[in-house]
Amino acid sequence: MALPALFDRLRLPVIGSPLFIVSGPELVIAQCKAGIVGSFPALNARPQSQLDEWLHQITEELAAWNRDNPDRPAAPYAVNQIVHRSNDRLEADLTTCGKWQVPIVITSLGAQEQLNQAVHSWGGIALHDVINDRFAHKAIEKGADGLILVCTGAGGHAGQLSPFAFVQETRAWFDGPIALSGSIANGGAILAAQAMGADLAYIGSPFIATAEANAEADYKAGIVAGGASDIVYTNLFTGVHGNYLRQSIEAAGLDPDNLPESDPSKMNFGSGGNSKAKAWRDIWGSGQGIGAVREVQPVAAFVDRLDAEYRAAKARIAGLSDGGWSA
């Protein structure tokens, strides 16, 4: 199945994933101008009225870019909605998204048929992120247009399935759009995601270490300095299992190797056990792919690097297909 037409404007098959606190208009606009989908969680706009201001800014700046750069139009943008009973802003945020006819809505932590119908009513598409095949089926049954497979090693609320297993199981019954998440941080990994059967790569943590990201300097430095062994998988901080930077857990006075379990029925987005640290603000989310992040740089420069690596990987694979793997 071909991707929806709005993805034709992509320079690379990449969605910049929504990053709680970190993603704002500056990051989204830079990602879209660079040729990849930029996204942000609706809950990042606080108070709720700020969401209208952000969508106005994004719409106007991307329209101006398109007028000035007809040969390089901006990629579409996306807004992430948390579909969970703890989110009392969902209805208001969805109404605001409808006002601005947001082209892509990414839903998380609950599939809702009514929400998908609302997105379709203004011509948008809905992508739902899932961590296993059961949730994937539920999302499509409730009208999602595509899936984001959140695999082991992804930042934030991550799953535990291998991308190889998850993609092949999903492709056995679903021929619609699939984005793959989990430790994708260079151009070769983007191509690998496509080779496995995904249409798009879903990249988050590397964008924390960009000039436009709304993240503390120490957080950005931690992404640059860190590697896969610096990531801790726990449900302590929100009630849902996720991946976090070890150094931020240690800075909160906690032992990353001896964290207690949280009650998964009490998802909270905030507490840090007995410490005063809060998830995302003090306890920093990160995926395992950050070993590929070498420096803090502008989004445009990072996407240029991804593009060069992607093209080099395609050339390398073309060489292998000519018999380069023979002994």
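Helices (H or I, at least four residues) and strands (E, at least two) are DSSP runs, numbered from the N terminus. The structure is a predicted model, in which local features need pLDDT of at least 70, side-chain atom pairs count only at pLDDT 80 or more, and totals for chains, interfaces and linings use all residues. Residues are numbered from 1 along each chain as its sequence is written, and side-chain values use heavy atoms, with hydrogens and water left out.

Helix α10 spans residues 299-324. Arg 311 and Asp 307 both sit in α10, four residues apart, or about one turn of the helix. An α-helix has 3.6 residues a turn, so residues three or four places apart point the same way. Arg 311 and Asp 307 form a salt bridge, with their closest N and O atoms 3.2 Å apart. A salt bridge is a side-chain nitrogen of Lys or Arg within 4 Å of a carboxyl oxygen of Asp or Glu. By this rule the count comes to ten.

Asp 304 forms a salt bridge with Arg 11, the closest N and O atoms being 2.9 Å apart. This pair links distant parts of the chain: Asp 304 is in α10, while Arg 11 is in the segment before β1, 293 residues apart. Arg 11, Asp 304, Asp 307 and Arg 311 are linked in a network of salt bridges.

Buried means under 20% relative accessible area, exposed over 50%, and partly exposed in between (1.4 Å probe, protein chains only). Asp 307 is buried at 9%, whereas Arg 311 is exposed at 55%. Asp 304, at 40%, is partly exposed. Arg 11, at 35%, is also partly exposed.

Another salt bridge joins the side chains of Glu 309 and Arg 294 (3.5 Å, N to O). Glu 309 lies in α10 and Arg 294 in the loop between α9 and α10, so the pair ties together parts that are 15 residues apart in sequence. Glu 309 is buried at 18%. Arg 294 is exposed at 59%.

The strands build an open sheet. Eight strands follow the order β1-β8-β7-β6-β5-β4-β3-β2, with parallel pairing. The edges are β1 (14-16) and β2 (38-41), each with a single partner strand, so one side of each has no neighbour in the sheet. Neighbouring strands are turned by 25° against each other on average, direction ignored. Two strands pair if DSSP finds at least two bridges between them. Five bridges join β3 (residues 77-82) to β4 (residues 104-108), and the two run parallel. Ile 82 stands opposite Ser 108 in β4.

Helix α5 (residues 133-141) lies across β5 (125-130) and β6 (146-150), running at about 160° to β5. Axes are lines fitted to C-alpha atoms, for helices over the stretch in contact (heavy atoms within 4.5 Å). Angles run from 0 to 180 degrees between N-to-C directions.

In helix α8 (residues 217-225), Tyr 219, Lys 220, Gly 222 and Ile 223 are buried. Down the helix axis, these buried residues fall within an arc of 155°, so they line one face of α8. The arc is that of the directions from the helix axis to the C-beta atoms. The face turned away from the buried side carries the exposed residues Ala 217, Asp 218 and Ala 225. The cover over the buried residues includes β10 (242-245) and α9 (246-251).

A search of the whole structure finds zero disulfides (pairs of cysteine sulfur atoms within 2.5 Å). The sulfur of Cys 32 is 14 Å from the closest cysteine sulfur, in Cys 97, which is too far for a bond. Cys 32 is buried, at 0% relative accessibility. Cys 151 is also buried, at 0%.
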